[in-house]
Amino acid sequence: MSKLLIANWKMNPLLSVDAVTLANKIDVNAKKYKSVSVGIAPAFVHIPLIPKPKSVWMGAQDVFWENPNDGGAFTGEVSLDMLRNIGASFVIIGHSERRKNLGETDEMINRKVKMLVKAKFYMVLCVGEPLSIRSKGFAAAKKYVASQLKKDLKGVNNFHKLGVVAYEPIWAIGTGKSDNPELASEMAEYIKKLTGADVLYGGSVTSKNAESFLMKPSINGALVGGASLNAQEFTKIIEIASKV
Ligand code: PGA
């Protein structure tokens, strides 16, 4: 089954010229692997500087929950229409780094989901448990994720048509300690049962461990941070996704 890979560049690279080069390389390389869907999510400021990619989707790492058609008094925020106008076709929401560093709550994320569903815009909704929960056992992690999804998708019926859930255990993000593929697969099945949506795994995915996750039928792809900042490494992951 065809897999989806999303590159989450976070607050990287520093220079826009490097973002353009990285995007171009990934775009050229991805062309060879037509069976894999690939999206890149650069920082807001880099998106309009990157020439329209031919074989990958361009996306953003966040969006504001209001989308007034005549602008609005929301200092520092970026609206969906602004993103559309610069060529974004998907957006990541609810990333744990935003939940933690910016105090983003499930209620805020729910407002974003509702706005995006109304606008029929594709989203990658991130969920995942902290180490303090996982250390209580896998059942506790499932309960935590179910509770996040319940709040994030409150009042939303057709999420599965417009988005995918990225399961990212927080302790696995950027730590080099990826989840056990069997458990990630079990969580993906559970999330699918709850939401009907496809599920990506995220958390220290590299070319070394990608196959172990992507070979699982319940895992529809990956959200890749650090390893997506190196075109060669990310291309290896695309190649692996094309073969599973
Ligand atoms: P990582 O990040 O691949 O560097 O662990 C994943 C993410 O935060 O989406």
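Helices (H or I, at least four residues) and strands (E, at least two) are DSSP runs, numbered from the N terminus. What you have loaded is a predicted model, so local features need pLDDT of at least 70 and side-chain atom pairs count only at pLDDT 80 or more, while totals for chains, interfaces and linings use all residues. Residues are numbered from 1 along each chain as its sequence is written, and side-chain values use heavy atoms, with hydrogens and water left out.

**Stop 1: the largest pocket**

Select helix α3 (residues 96-101), which gives three residues, the largest share, to the lining of the largest pocket. A pocket here is an open set of points on a 1 Å grid over the protein atoms alone, with protein on both sides within 12 Å along at least five of seven lines; a cavity is a set where a 1.4 Å probe fits but cannot get out, and lining residues have an atom within 4 Å of a point. The volume of the largest pocket is about 550 Å³, taken as the space filled by probe spheres set on the points, with grid points joined across faces, edges and corners. Now pick Phe-44, Gln-61, Asp-62, Arg-98 and Leu-102: of the 20 lining residues, these are the closest to the centre of the largest pocket. Coloured by class, that lining shows 10 nonpolar, five polar and five charged residues. Here Ala, Val, Leu, Ile, Met, Phe, Trp, Tyr, Cys and Pro count as nonpolar, Asp, Glu, Lys and Arg as charged, and the others, Gly among them, as polar.

**Stop 2: the ligand**

Which pocket does the ligand take up? The space taken by the ligand is the second largest pocket; a molecule sits in a pocket if more than half of its atoms lie within 2 Å of its grid points. That second largest pocket holds about 190 Å³. Of its 17 lining residues, Gly-174, Ser-204, Val-205, Gly-225 and Gly-226 are the closest to its centre. The lining of the second largest pocket has five nonpolar, 10 polar and two charged residues.

Show everything with a heavy atom within 4 Å of the ligand, and you get 13 residues, with Lys-10, His-95, Glu-168, Gly-174 and Ser-204 the closest. A polar backbone atom of Ser-204 is 2.7 Å from a ligand oxygen. Polar backbone atoms of Gly-225 and Gly-226 each have a ligand oxygen at 2.8 Å. Taken alone, the ligand exposes 280 Å², and the protein buries 95% of that (Shrake-Rupley areas, 1.4 Å probe).

**Stop 3: the cavity**

Next, select Gly-94, Ser-96, Arg-99, Cys-126, Val-127, Gly-128, Gln-148, Glu-168 and Ile-170, the lining of the largest cavity. Both α3 and β5 give two or more residues to that lining. The volume of this cavity is about 40 Å³, and the count comes to one cavity of 30 Å³ or more.

**Stop 4: two backbone details**

Where is the cis peptide bond? Zoom in on Asn-12 and Pro-13, which it joins with omega about -20°. Pro-13 is in the loop between β1 (4-8) and α1 (16-30). Finish at Lys-120, in the loop between α4 (106-118) and β5 (122-127): Lys-120 is not a glycine, yet its phi is positive, about 55°.

Conventions
A polar contact is a pair of N or O atoms within 3.5 Å; within protein, one must be able to donate a hydrogen and the other to accept it, and residues adjacent in sequence count only if both atoms are side-chain atoms.
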